[in-house]
Amino acid sequence: MDNVRTSGAGIANWKEASSRLQISFMPSQAEHFIGLPPNLISTAVFVIYRYASVTEASSQNPPKDPLFAPFVGPLGMARSHAERATLFNACYRPAPEEPSYFDVPEDLL
Amino acid sequence: MSIITSPASEYFQGDIFADVPFAYVRSLDFVQPSDAARTKFTATPLPATGNKAHVVAPCSRSMGMLVTHECIIDKGGRAPWSFARIVRISVEGAEGQQAIRTGTNYQAFHLPKTAGILDEESYVDFRLITAVDPALARDLIRIASLSTEGRASLKQQLILYWTRVEPGV
């Protein structure tokens, strides 16, 4: 069992997901991005691809892309623990340690 | 493979404990400690706003899941540990049981029957949460933890329950 106390899996999965999307989309759309800085191209391609994937999907028509299949669907759709964990790890990053923390005042307890 | 495992070496959100006290305030019956030999407490008027007294409340002891994040626990101090009650799934009808298994019942987190740990298929009810003093909580018996996948699934279901939103569309 992984006993890491703050999981970094979310970041890793998200980077992997965005990387896969860029690779799959770039070849056919490259002419639209000539002259743009590489980092801007990556961001733009990812946003366009994601928008297209989400737009295609609807509550009655889940997306075909297996990368998005676990993510998009009616709110509260039926999911297994594995699918719910995949959704969580792909879409959330661990928050940084709080810059300050205050204990509960004793007279409130 | 079950999302329920033997207890991890450290406390984690999602850990399962035996005999957690679950109190529920049903009335404003306040009492104060008594010096009388036969009565430990005597009735007292409602305390003024901001003041404290003991309240008489029904309290059961049953299996519960730690929903406080381990980050709070690591910090120590006085912060209470919050537990959500674990309930046998058989208390629900067939339709309710299926909704719990698939997570479409937002307030519930499904726990599969797990040999040696959980004798019956159950669920965590996020509506039944109680706060326990950390010193008392550390004395409770911890019987299981969640796998990494189970903890991620729990966090997603907590987000859905508390906010009614999920990422994606």
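This is a predicted model: local features need pLDDT of at least 70, side-chain atom pairs count only at pLDDT 80 or more; totals for chains, interfaces and linings use all residues.
A residue is taken as buried when 20 or more other C-beta atoms lie within 10 Å of its own, with C-beta atoms placed from the backbone. By that criterion, 17% of the 109 residues of chain A count as buried, while buried residues make up 29% of the 169 residues in chain B.

**Make-up of the two chains**

- Chain A has three helices and zero strands, and its elements, read from the N terminus on, follow the order α-α-α.
- In chain A, 44% of the contacts between residues at least 6 apart in sequence join residues at least 24 apart; in chain B, residues 24 or more positions apart account for 67% of the contacts with a separation of 6 or more.

**The seven-stranded sheet of chain B**

- Seven strands of chain B make an open sheet with antiparallel pairing, in the order β1-β10-β2-β6-β7-β9-β8.
- The edges of this sheet are taken by β1 (4-5) and β8 (108-111) of chain B, and because each has a single partner strand, one side of each is left without a neighbour in the sheet.
- Within the sheet, strand β2 (residues 16-23) of chain B runs antiparallel to strand β6 (residues 59-66) of chain B, and six bridges join the two; B:Pro21 is the residue that stands opposite B:Arg61 in β6(B).

**The three-stranded sheet of chain B**

- A further open sheet in chain B consists of three strands in the order β4-β3-β5, again with antiparallel pairing, and its edge strands, β4 (41-43) and β5 (54-55) of chain B, each pair on one side only.
- Strand β3 (residues 30-33) of chain B pairs with β5(B) over two bridges in the antiparallel sense, with B:Phe30 standing opposite B:Val55 and B:Val31 having B:His54 as its bridge partner in β5(B).
- The pairing of β3(B) with β4(B) is likewise antiparallel and extends over three bridges, and in β4(B) the bridge partner of B:Val31 is B:Ala43.

**Helix α4 of chain B**

- Helix α4 (residues 148-163) of chain B lies across β1, β8, β9 (122-132) and β10 (142-146) of chain B, and runs at about 85° to β10(B).
- With its 16 residues, α4(B) reaches 23 Å from its first C-alpha to its last, which is close to the 22 Å expected at 1.5 Å a residue.
- The buried residues of α4(B) include B:Arg151, B:Leu154, B:Leu158 and B:Leu160, and the buried residues of this helix pack against α3 of chain A together with β1, β8, β9 and β10 of chain B.
- Just after α4(B), B:Arg164 adopts a positive phi of about 60°.

**Contact between α3 of chain A and α4 of chain B**

- Helix α3 (residues 81-91) of chain A is mostly covered, with eight of its 11 residues buried; these are A:His81, A:Arg84, A:Ala85, A:Thr86, A:Leu87, A:Phe88, A:Asn89 and A:Ala90.
- The axes of α3(A) and α4(B) come within 7 Å and cross at roughly 75°, which makes α3(A) roughly perpendicular to α4(B).
- On the side of α3(A), the contact is made by A:His81, A:Ala82, A:Arg84, A:Ala85, A:Leu87, A:Phe88 and A:Asn89, and on the side of α4(B) by B:Glu149, B:Gly150, B:Ala152, B:Ser153, B:Lys155, B:Gln156 and B:Gln157.
- Sorted by class, the residues in this contact of α3(A) with α4(B) are five nonpolar, six polar and three charged.

Terms used:
Residues are numbered from 1 along each chain as its sequence is written. Chains are lettered from A and ligands numbered from 1 in the order in which they are written. A residue is buried if 20 or more other C-beta atoms lie within 10 Å of its own, exposed if 12 or fewer, and partly exposed in between; C-beta atoms are placed from the backbone. Helices (H or I, at least four residues) and strands (E, at least two) are DSSP runs, numbered from the N terminus. Two strands pair if DSSP finds at least two bridges between them. Two residues are in contact if their C-beta atoms, placed from the backbone, lie within 7 Å. Axes are lines fitted to C-alpha atoms, for helices over the stretch in contact, and angles run from 0 to 180 degrees between N-to-C directions. The expected span of a helix is 1.5 Å times one less than its number of residues. Angles under 35 degrees count as roughly parallel, over 145 as roughly antiparallel, 65 to 115 as roughly perpendicular and the rest as oblique. Ala, Val, Leu, Ile, Met, Phe, Trp, Tyr, Cys and Pro count as nonpolar, Asp, Glu, Lys and Arg as charged, and the others, Gly among them, as polar.
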